[in-house]
Amino acid sequence: MQFKNHIAQNFSYSRAKNIGGKIVPTIVVLHDTAGRLEKFNSANYLLTAPRGVSVHFVVERDGTITQQVPTNRRAGHAGTSEYHGQKGCNNFSIGIEIVNPGRMTDAGGGRARTWFKETYNIVEAGIHFIQTQEHGAGWWMDYEPEQIAALEDLLHALFDYVPTLTDIVTHWYISPGRKVDTNPLFPLESLKARVLGRDDLQDEAANDASDLIEDKGEMVSIDVPNDTLNMRRWPSFNPNVIATIPDGVVVPVIRAGTFGDRPWLKVRYSGQEGWIVASHAAPTTHS
Ligand SMILES: [Zn+2]
């Protein structure tokens, strides 16, 4: 099936060399290309990639989408993988590659370097240092708003027209320890909430359901002896950890609210804002 009529963005279909047999897809697997950002660079590579590699869709930085494999045929994007006990995710998934350079390292001089030796200005390119349990530490480039909007359109179209689909996952989720895509900046939970209608609270909803207390200048001390506390993108226990805060670190509190019968605090740490469970945050006295 092609989705040209259902997607607002620029869309084209080019047939990949590596197209496998019939599948009944039940999940969508999201990837980063971990390649150059130039338009169609990764898409063109994937059309004739070696070792059976292929993917159903590629989403460029500007939101342009290329489909390369029909949604009811097998593509080679997941490799060794497992979803809820089911191995070999290529046999039951639709793969989407999102153009992003992947993990970068500090190149000095305010720049970050990709594995393919390109460097970017950290500020200008929207690059952030983030460490998560799933990704480890690295410098990561933000996705473009046009890219996320196009991806969301594509996901809506897929879930409308492929009735067997039930979930959206990332490559790191099905190949833990082996893969780190999509990167920690990827807005997985908000996309899932919007596309799947799941009950995860997006930013606006989480803000509406909590109180802004930043002006009070409250500070809390992380209280997890000999451990670290997960800072999460949203106040839930879904895979949305964006940082781990060591025991004893004092952080400023921005918001406070109750989610799932549990008090949470939105705090600022290491240049990011995120949610922590309040039971592991001890009040500090301040003047
Ligand atoms: Zn991947």
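**Exercise 1.** Find which residues of helix 2 are buried in this predicted model, and what covers them.

*Solution.* 
Step 1. Use the cut-off: buried means under 20% relative accessible area.
Step 2. Apply it to helix 2. Gln147, Ile148, Ala150, Leu151, Glu152, Leu154, Leu155, Ala157, Leu158 and Phe159 are buried.
Step 3. Look at the cover. It includes strand 2 (27–32), strand 7 (93–98) and helix 4 (188–196).
Step 4. Check the span. Helix 2 runs over residues 145–161 and reaches 24 Å from its first C-alpha to its last. That is close to the 24 Å expected at 1.5 Å a residue.

**Exercise 2.** Describe the largest nonpolar core and name the element that gives the most to it.

*Solution.* 
Step 1. Count. The largest nonpolar core has 24 residues. Val28, Leu30, Ile96, Leu151, Leu158 and Phe186 have the most contacts inside it.
Step 2. Assign elements. Strand 2, strand 3, strand 7, helix 2 and helix 4 give two or more residues each. Helix 2 gives the most, with 7 residues.
Step 3. Zoom in on Leu30. Beyond its neighbours within four places in sequence, its contacts include Ile96, Leu151 and Phe186.

**Exercise 3.** Describe the lining of the largest pocket by position, element and class.

*Solution.* 
Step 1. Take the space: about 650 Å³.
Step 2. List the lining. It has 26 residues, and Thr33, Tyr45, Val53, Glu97 and Lys179 lie nearest the centre.
Step 3. Find the main contributor. Helix 1 gives the largest share, 4 residues.
Step 4. Sort by class. There are 8 nonpolar, 11 polar and 7 charged residues.

Notes
Residues are numbered from 1 along each chain as its sequence is written. This is a predicted model: local features need pLDDT of at least 70, side-chain atom pairs count only at pLDDT 80 or more; totals for chains, interfaces and linings use all residues. Side-chain values use heavy atoms; hydrogens and water are left out. The expected span of a helix is 1.5 Å times one less than its number of residues. Buried means under 20% relative accessible area, exposed over 50%, partly exposed in between (1.4 Å probe, protein chains only). Contact means heavy atoms within 4.5 Å. A nonpolar core is a set of buried Ala, Val, Leu, Ile, Met, Phe, Trp, Tyr and Cys residues joined through side-chain atoms within 4.5 Å. On a 1 Å grid over the protein atoms alone, a cavity is a set of points where a 1.4 Å probe fits but cannot get out, and a pocket is an open set with protein on both sides within 12 Å along at least five of seven lines; lining residues have an atom within 4 Å of a point. Grid points are joined across faces, edges and corners, and a volume is the space filled by probe spheres set on the points. Ala, Val, Leu, Ile, Met, Phe, Trp, Tyr, Cys and Pro count as nonpolar, Asp, Glu, Lys and Arg as charged, and the others, Gly among them, as polar.
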